[in-house]
Amino acid sequence: MRPRITDRIMLGEGDGTVGASPEAQSPPAAEDVRAQLDRLLASPDLDAPARARKFLRYVVEETLAGRAERIKAYAIGTEVFERSADFDAQNDPAVRIEAGRLRRALERYYLSDGLSDPVVITIPKGAYIPHFAWHTPPAEDSAPVPGTVVPVPQVDSPRRRRTPWLVAAAVAVAFLAFLVGLILWSPWRDGASDTPHTSAPLPPSGPTLVVMPFAALGESPAAKTYADGLTEEVLSQFARFKDITVLGRETSRSIPPGADVARIRRDLGVRYVLEGSIRAAAHRLRITGRLLDAQTSAVLWSQTYDEDLQIRDLFTIQDDVARKVATAVAQPYGIIQRSYQTRTGARPPGDPEAYACTLRFYDYRAALSEESHAAIRTCLERAVALHPDYATAWAMLSVLYLDEDRFGFNLRAGSNSPIQRSLEAARRAIRLDPQNVRSLQALMMALFFAQQPAEALAVGERAVALNPNDTELLGEFGTRLGQAGAWQRGAELLEQALARNPGHSGYYSGTLAVYAYMQHDYARAESLIRQAALEKFPLYHFVAAVIYAQLGKGSEATEARDQFLRMRPTIFENWDDEMAKRNYRPEDTAHFAEGARKAGFPVPARTAAETALQAASHQR
């Protein structure tokens, strides 16, 4: 029998962002939830468009009416978005994208203006069924997730046979950590303030993070083993992100259980603390993690992961959860970046603080506007003048130099071309830090537009191997693969980036629209380009125009064409060069030319790609 709404709440289903207050012995009633829904929909502080608000009302009302099992992507697409009956939720990501935007809007609302609201409504990832809970006030210490702990039975299965070895290893590790902890923690106990060694060079004014050992809740020795293993894997995953500094595992293990966050900040100098726990019950695991701002003790992010050891083995669960935690917290568009932006957002673009410049780079990448390009370029040039060894800033500067050429943004006169300056900056970044993913991404991009696609893609493969969780990298590498003709794999990487980071969906959707166009799937291309919404980005209007033209939507094609020509009026004077630098296959370039002519663009009567295709055809 399907659990009632109240049953699900009592069972603690949800994404872990908030939970039921210990004082509240019953979950919110339907009238409480509806009152909160009305409060949300009436609030100007809920940063969600009309369609997302309609989405929210639909899923809440369906759940309260006992029809939660009907809440699927197809139903939302047809009933909320008013798509036709042939709506394909698998290939059209509209529902996924809107759900991601809504989740983030709710998250921001409850971290700011909704802090005092009595009821919290969230939409856990992996489905569209909402979760309702009483708002938990900020705790003074880390409270365990409510629930009953059942000792894990010692079943002699292949999975369980590994446990004795793991427990022995955990005991050895714990003993070593104890010895190290005596050394590292003693100065704290005696009032000294020696600075611990960190695991990576500190970016100028960048954030630092310490990962607390995950706590094992309950009496099961297996839970302790799971917690130790997960802590190790989380540390390894965080180390892949070079824009933050993560303190080493010895320092992490030296922190006593229950240590005060304020003291951790004072003694270690970190801004962020990640803590978590594992609760084991029979074959099920509940893993929680949360990120704290050590300066304010505010909870910036919290997530719960429920896993079944009968479905997936321990090591797969451990790897997957650690990857999700690191991606959510440390990726370029993740929790730490958003927290830092909140604190520095009022500063002017000319702020010389180097790390603030790198954060504004991500804002530029999200909007791709010429107005912000010049300011960020100037800011980063000041940053590398102040910090010439800051590899990430050099890498980002390389991308901005490249954008002078490929987008025509604020082209600077001089003896060196934008491509040359881009290559020089990227290579300098690589010399400073060969393992820096942002440096490798910049070199990949510069080589690609220098018409060295094979070399570029080899660098991209290396970068993805170093950090497959970086959504900025996945999106860029997927784009380059597609342009070089590997559209299928490129689209798969872009879909991964979109799923992990729907808040940056404009860029991903725009590139996926090009992929759909190249597959002659113009209906899907139109859906994707409408979701991209990059009005300040010139090429967005070009792609939109050719898609509308292929669909016979003349007025929309004309509007997009005219907007593009206002922004890039001279590009068709060098059409063949523009296509060549992007390394499109001749057949893809010819397809673009066909759509551009239908849209009324001044494309040459015979392009170089079409001439090459005709010559190849005659040879066959």
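In the hairpin formed by β6 and β7, two residues lie between the strands, and Ala282 adopts a positive phi near 55°. The structure is a predicted model, in which local features require pLDDT of at least 70 and side-chain atom pairs count only at pLDDT 80 or more, whereas totals for chains, interfaces and linings use all residues. Residues are numbered from 1 along each chain as its sequence is written, and side-chain values use heavy atoms, with hydrogens and water left out. Helices (H or I, at least four residues) and strands (E, at least two) are DSSP runs, numbered from the N terminus. Two strands are taken to pair if DSSP finds at least two bridges between them.

Tyr272 has Asp293 as its bridge partner in β7. Strand β6 (residues 272-281) also pairs in the parallel sense with strand β3 (residues 208-211), over three bridges, and here Leu274 of β6 is the bridge partner of Val211. A further parallel pairing, again over three bridges, joins β6 to strand β4 (residues 215-217); in this case Ile278 of β6 is the bridge partner of Ala216. Strand β6 is mostly covered, with nine of its 10 residues buried. Here buried means under 20% relative accessible area, exposed means over 50%, and partly exposed lies in between (1.4 Å probe, protein chains only).

An antiparallel pairing over four bridges is formed by β1 and strand β2 (residues 131-134), with Trp134 of β2 as the bridge partner of Val119. In a regular strand the side chains alternate between the two faces of the sheet. In strand β1 (residues 119-122) both faces are covered: Val119 and Ile121 are buried on one side, and Val120 and Thr122 are buried on the other.

Helix α3 (residues 50-64) comprises 15 residues and spans 21 Å from its first C-alpha to its last, close to the 21 Å expected at 1.5 Å a residue. The expected span is 1.5 Å times one less than the number of residues in the helix. Buried residues of α3 include Phe55, Leu56, Tyr58, Val59 and Val60, and among them are also Arg53 and Glu62. The helix is followed by Gly66, which has a positive phi near 80°.

The structure holds one disulfide, defined as a pair of cysteine sulfur atoms within 2.5 Å. Cys357 and Cys379 form this link, with their sulfur atoms 1.8 Å apart. The angle about the S-S bond is -70°, and the link of Cys357 and Cys379 is left-handed. The pair connects distant parts of the chain, 22 residues apart, with Cys357 in helix α12 (residues 354-367) and Cys379 in helix α13 (residues 370-386). Both cysteines, Cys357 and Cys379, are buried. Thr358 is also located in helix α12; Thr358 counts as buried because its relative accessible area is 2%. The C-alpha atoms of Thr358 and Ile376 are 8.4 Å apart in space, and the two residues are 18 residues apart in sequence.

Positive phi values also occur at residues other than glycine in loops between helices. Asn410 has a phi near 45° and is placed in the loop between α14 (391-406) and α15 (418-432). With 23% relative accessibility, Asn410 is partly exposed. His520, likewise not a glycine, has a positive phi of about 65° and lies in the loop between α20 and α21 (522-532). His520 is partly exposed, at a relative accessible area of 49%.

Seven cavities of 30 Å³ or more were counted. On a 1 Å grid over the protein atoms alone, a cavity is a set of points where a 1.4 Å probe fits but cannot get out, and lining residues have an atom within 4 Å of a point. Grid points are joined across faces, edges and corners, and a volume is the space filled by probe spheres set on the points. The largest cavity contains about 480 Å³ of space. Its lining consists of 30 residues, of which Val514, Phe537, Leu539, Val543 and Tyr584 lie nearest the centre. Elements that contribute two or more residues to this lining are α18 (471-483), α20 (505-518), α22 (538-550) and α24 (575-581). By class, the lining of the largest cavity includes 20 nonpolar, four polar and six charged residues. In this classification Ala, Val, Leu, Ile, Met, Phe, Trp, Tyr, Cys and Pro count as nonpolar, Asp, Glu, Lys and Arg as charged, and the others, Gly among them, as polar.

Notes: On a 1 Å grid over the protein atoms alone, a cavity is a set of points where a 1.4 Å probe fits but cannot get out, and a pocket is an open set with protein on both sides within 12 Å along at least five of seven lines; lining residues have an atom within 4 Å of a point.
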